[in-house]
Amino acid sequence: MTTIILKPHKEESLKRFHPWVFSGAIARIVLDAAHKAAAPEEGELVCVESANGETLGVGHWQVGSIAVRILEFGVSALPADFWEKRIRAAYQVRESLGLVSNLNDTFRLVHGEGDWLPGLIVDVYADTAVVQAHSVGMHLCRKAVAEAIVTVVPQVENVYYKSDDTLPFKAAIEGEKVGYLIRNTDIPSSRDAEEFWSTENGLEFRIDWLKGQKTGFFVDQRENRALVERYAAGKEVLNMFCYTGGFSLYALRGGAKRVDSVDVSQKAIDLVNANVAHNFPKAKNHTAVTADAFEYLTAQKNAGRTFDLIILDPPAFAKHRDAVKNALRGYQRINAKAIEMIRPGGILFTFSCSQAVDKEAFRLAVFSAAASVGRKVRILHQLHQPQDHPINIYHPEGEYLKGLVLYIE
Ligand code: SAH
């Protein structure tokens with residue numbers, strides 16, 4: 001195996017279990033004999049050593065400023081049962097937290113660095129796991145990952161791989177980026193679109209991993225949706241950026257008087273309507289609208305409409321650090337529009353899933369929004385990503401979802 005030798009003192013963050021080696025920390029690279037090229041190949045397993053020869057761990061080599069993502073600390077080779085053990089450890093966490101039951105078969109099984117598996121995301125939907133690789137190393141290990149998932153997770157029979165949007169776009173990648181890695185042949189192919197339901201807290205969702213966004217569903221809002229259910233009774237609710245209608249279904253179950261769901265994507269609106277019809281076949285108090293959020297809020301305001309409870313869960317406004325300033329302006333604008341339309345005594349659930357926008361910056365943007373429309377606002381809850389999206393304490397970069405629940409006078 002190729003060995004990466006660090007500069008003096010650059011081993012310290014690895015000893016504290018931070019899983020990345022930056023390219024600037026590398027003193028030299030000792031290629032193993034099999035190499036023809038002058039550098040390691042993207043995705044290959046490498047061993048990392050300190051300047052004085054101490055073994056620090058094994059990880060995937062990457063091209064870019066993060067040069068190695070560590071899979072196992074303190075070893076010079078991965079054990080043969082590595083994938084099964086690591087996936088089992090991840091599954092046991094979800095099981096022990098009560099996330100796996102006949103009322104809930106929808107959960108994130110692997111959350112990258114948060115499960116000591118940098119570059120890997122796995123979401124489980126009933127009998128199907130959807131795998132996303134964010135590194136070439138994980139792409140090369142996809143078959144071993146898929147096998148470990150079906151071995152470990154009793155409910156999973158199919159593993160679908162969906163990495164066309166997540167792999168580094170410059171890398172030369174061999175093999176398919178999309179398709180089933182394991183497929184139970186008894187399942188008809190027509191099922192994908194029409195007959196598949198996954199259960200979250202007793203509500204059933206149609207999940208389209210083939211054409212849907214990300215792995216097909218936003219598992220990360222489960223606990224926050226449950227909080228909406230608690231506050232929904234008798235309220236007129238507006239769910240902005242609704243996607244599959246997660247918040248809408250919980251609001252309906254919580255006894256909302258009326259729920260309006262809005263998304264710019266017609267496919268999303270079709271999913272919301274299918275999900276509402278399936279869970280609440282008699283509901284007459286739900287409306288779904290295909291519209292741009294900013295235009296919709298402006299039009300509703302001009303029409304004099306108000307709401308008791310609004311949910312704002314936009315896509316990441318900042319995908320990179322250099323987009324943060326514009327993103328904050330976007331958060332401020334959309335929150336100001338929402339706060340204006342909330343009746344006195346109403347509630348706003350507002351979120352940011354931009355990793356580059358931290359809690360404080362987001363709170364400041366919402367503060368500016370509240371101040372700009374002159375309403376008295378108090379914070380009732382500070383929300384974040386749920387327990388199946390754990391944040392590795394040595395890798396705070398894994399924190400991305402934050403939310404505020406506001407009481408608007
Ligand atoms: N709240 C959802 C997840 C939201 S993801 C849930 O609980 O599952 C963000 C959604 O915003 C996507 O469905 C996307 O189609 C939608 N979107 C993106 N830009 C938009 C815009 N300008 N107006 C309305 N919706 C938009």
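The side chain of Q385 reaches the backbone oxygen of G398 at 3.1 Å. The model is predicted: local features need pLDDT of at least 70 and side-chain atom pairs pLDDT 80 or more, while totals for chains, interfaces and linings use all residues. Residues are numbered from 1 along each chain as its sequence is written, and side-chain values use heavy atoms, without hydrogens and water.

Q385 lies in the loop between β19 (377-384) and β20 (402-408). Helices (H or I, at least four residues) and strands (E, at least two) are DSSP runs, numbered from the N terminus. Q385 has a relative accessible area of 5% and is therefore buried. Buried means under 20% relative accessible area, exposed over 50%, and partly exposed in between (1.4 Å probe, protein chains only). Not counting residues up to four places away in sequence, Q385 touches H111, I391, G398, E399, Y400 and L401. Contact here means heavy atoms within 4.5 Å.

In β8, the bridge partner of H111 is I121. β7 runs antiparallel to β8 (residues 120-125), and five bridges join them. Strands pair if DSSP finds at least two bridges between them. The sheet has five strands in the order β7-β8-β9-β10-β11, with mixed pairing. β7 (106-111) and β11 (178-182) stand at the edges with a single partner strand each, so one side of each has no neighbour in the sheet. The twist averages 20° from one strand to the next. Axes are lines fitted to C-alpha atoms, for helices over the stretch in contact, and angles run from 0 to 180 degrees between N-to-C directions.

The largest nonpolar core holds 37 residues, of which Y125, I311 and F349 touch the most other members. Such a core is a set of buried Ala, Val, Leu, Ile, Met, Phe, Trp, Tyr and Cys residues joined through side-chain atoms within 4.5 Å. Two or more residues come from each of β13 (203-206), α6 (222-231), α7 (246-253), α8 (266-279), β17 (307-312) and β18 (342-352). α7 gives the most, with five residues. The contacts of F349 beyond four places in sequence include N224, L227, V228, Y231, L309, I310, I311 and L312. L383, L404 and V405 are also among them.

β13 pairs with β12 (residues 197-200) in the antiparallel sense over four bridges. T199 stands opposite E204 in β13. The two strands form a hairpin with two residues between them, and N201 in the turn has a positive phi of about 45°.

At the level of the chain, there are eleven helices and 20 strands. Buried residues make up 53% of the 409 residues. Among contacts with a separation of 6 or more, 65% join residues 24 or more positions apart. Along the principal axes, the C-alpha atoms fill a box of roughly 75 × 55 × 35 Å.

Key: A polar contact is a pair of N or O atoms within 3.5 Å; within protein, one must be able to donate a hydrogen and the other to accept it, and residues adjacent in sequence count only if both atoms are side-chain atoms.
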